[in-house]
Amino acid sequence: MSDFLASKALQAEVFGATSLVVECEDAMEVKRVAEQLEGQLTATLHMNDADLEAAKALLPTLERKAGRILANGWPTGVEVCHAMVHGGPFPATSDSRTTSVGSAAIHRFLRPVCYQSLPEALLPDALKDSNPLNVTRLVDGKRAQ
């Protein structure tokens, strides 16, 4: 455990087929290790019923560190569906308010832009008064198309 805590290289997240086992003497050492982790996509608890209290004490730390927490499973394969969230704190994702996988993943790439006093010819088609894309929108607070 002390080697892990002293080494940034050992603490760095690695993608691919690799594992690092950190031996801890007790639940307090496990918590110290978890608190040192950077943001992760997943955290897995391999446990049985005797470990429930220790896991319960560890969950608040893991909730801040990972976007998905598993029990007795392997974090492989993700389904692109509404229920899937696969993100987490930096560096697991660039924006912890969104997900890397699932239907909400598109929000990672959206960025609001305000167009102020631009002539109609410079506006994107979706914002033009003529509405060539026939987008449903609010105009002066009223639904229009």
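Author: Buried means under 20% relative accessible area, exposed means over 50%, and partly exposed lies in between, with a 1.4 Å probe and protein chains only. The model is predicted, so local features need pLDDT of at least 70 and side-chain atom pairs pLDDT 80 or more, while totals for chains, interfaces and linings use all residues. Residues are numbered from 1 along each chain as its sequence is written, and side-chain values use heavy atoms, without hydrogens and water.

Reader: Is Lys-128 buried or exposed?

Author: Lys-128 sits in the loop between strand S2 (66-71) and strand S3 (137-139); strands here are DSSP runs of E, at least two residues, numbered from the N terminus. Its relative accessible area is 18%. Because buried means under 20%, Lys-128 is buried.

Reader: Which residue's side chain does Lys-128 join in a polar contact?

Author: A polar contact is a pair of N or O atoms within 3.5 Å; within protein, one must be able to donate a hydrogen and the other to accept it, and residues adjacent in sequence count only if both atoms are side-chain atoms. The contact between the two side chains spans 3.1 Å. The partner of Lys-128 is Asp-125.

Reader: Which residues does Lys-128 touch, not counting those up to four places away in sequence?

Author: Contact means heavy atoms within 4.5 Å. With residues up to four places away left out, Lys-128 touches Glu-120, Leu-123 and Arg-137.

Reader: How many disulfides does the structure hold?

Author: A disulfide is a pair of cysteine sulfur atoms within 2.5 Å. Cys-24 is partly exposed at 29% relative accessibility, and Cys-114 is exposed at 69%. The number of disulfides is zero.

Key: Helix = DSSP H or I, 4+ residues; strand = E, 2+ residues; numbered from the N terminus.
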